[in-house]
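Please look over the chain shown below.

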Amino acid sequence: MAAFGMAGRRREEGARKNQRPSAADPALVGRTLPKAKAACRFRQIEPLRFADRRLRTPIVRRILLAGYPVSVCQSIPGLSNPCSRFRFHSRLGKIGPEPRQGRTGSKCGCMAITLYELVGTDDAKPFSPHCWKVRMCLRHKGLAFRTESVRFTEIPHIEGGVARTLPILRDGDHLIIDSFRIADHLETRYPDRPSLFGGENGRNYARFLEGWALRDVHLALTRIAALEILELLDLPDQEHFRRSREARFGSSLEHIGAHREELVSALRETFEPVRRVLSETPFLGGKSPLFADFVIFGALQWVRIVSEYPILLRDDPINEWFERCLDLYDGEGRSVAARSD
Ligand SMILES: N[C@@H](CCC(=O)N[C@@H](CS)C(=O)NCC(=O)O)C(=O)O
């Protein structure tokens, strides 16, 4: 909490003018509810200032009416906990095939699994490749879960600032960061459900594919789609995306995405090992999908959602496999429209 007193108050008032409505207020993070409420009163925070349109669900409205800003709810562990009385229900929150009070074992009937997913201005378009891997894992395991939409600049305020990247998965008392670690967690915690790896060899195969994809596919896709991704973000996220990616590539976004046709044709070549496997089996995992499939699916799903540019040629056999993946789990992948639709 900022220092109290006149100087502190002036600083607070100055800062308040620039407050961004949807972000959790760092000054309130970790406060107990009464302390946060007192702080809001002291700082004369008008609750609705914090509520952006997508957060105005009935449950949040009730909290706002009670006088608490949304940031308070996001900031206080007890309130962002899925089993809290004031649980958020994201508009996009998905209920999987399992009944709400299923094996996840939540006593209050809340779903115990929350996937924090990356979105741009549109909550209905989660686009991160790594978040998609996890979504597919959860559906593969047949687990009930809900999703929370998070923007780039909101990540540091999620779950007490535990991570700088998404996905983050909360599964009851477990909080897991990184898509591969999440897959490991789900495989260990839900061993009776369909396997994500098909044993240790399958895990190593997926690990190899992930390393290959991160180096040879994701970097190329970022370059190809950077400017289209930018269009999907709000202003603070655009600034963050531009700054971080330009630092990573050592060049402007406009420059890294230049010569797109050449980048795409090199990427088509890069995919050759994937074509080879798929010429022998319907899925990278064999007769049925495994995490190995989701690793590559995540990358192509990302580009399907953010870009209109055709990455694969029409007759590429990878398309058939990708369509099969889009059909999985009642068409989970198709639940988000392609940019070109
Ligand atoms: N190895 C991580 C990578 C996660 C990652 O890079 N996520 C991106 C979104 S696709 C992110 O959250 N970036 C945050 C940022 O750029 O500030 C995983 O597999 O989960």
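**A walk through the model**

Helix α8 contains Leu230. The model is predicted. Is Leu230 buried, partly exposed or exposed? Leu230 has 17 other C-beta atoms within 10 Å, so it counts as partly exposed; a buried residue would need 20 or more. Leaving aside neighbours within four places in sequence, the contacts of Leu230 are Gln238, Phe241, Arg242 and Leu253. Gly120 is 110 residues away from Leu230 along the chain, yet their C-alpha atoms are separated by 8.9 Å.

Next comes the sheet. Strands of a sheet pair through backbone hydrogen bonds, either parallel or antiparallel. Here 4 strands form an open sheet with mixed pairing, in the order β2-β1-β3-β4. The edges are β2 (146–150) and β4 (174–177); each has a single partner strand, so one side of each has no neighbour in the sheet. From one strand to the next, the twist averages 20°. β1 and β3 run antiparallel and are joined by 4 bridges. In one of these strands, β3, Asp171 is the bridge partner of Ile113. Helix α6 packs on the sheet and touches β1 and β3, and its direction makes about 150° with that of β1. Helix α7 also packs on the sheet, touching β3 and β4, at about 140° to the direction of β4.

In soluble globular proteins, nonpolar side chains tend to be buried together. The largest nonpolar core in this model has 60 residues, and Cys137, Phe291 and Ile296 have the most contacts inside it. Elements giving two or more residues to this core include β1, β3, α6, α7 and α8. The largest share, 12 residues, comes from α13. Beyond its neighbours within four places in sequence, Phe291 is in contact with Cys137, Ala183, Leu196, Phe197 and Ala206.

How values were computed: Residues are numbered from 1 along each chain as its sequence is written. This is a predicted model: local features need pLDDT of at least 70, side-chain atom pairs count only at pLDDT 80 or more; totals for chains, interfaces and linings use all residues. A nonpolar core is a set of buried Ala, Val, Leu, Ile, Met, Phe, Trp, Tyr and Cys residues joined through C-beta atoms within 7 Å. A residue is buried if 20 or more other C-beta atoms lie within 10 Å of its own, exposed if 12 or fewer, and partly exposed in between; C-beta atoms are placed from the backbone. Two residues are in contact if their C-beta atoms, placed from the backbone, lie within 7 Å. Two strands pair if DSSP finds at least two bridges between them. Axes are lines fitted to C-alpha atoms, for helices over the stretch in contact, and angles run from 0 to 180 degrees between N-to-C directions.
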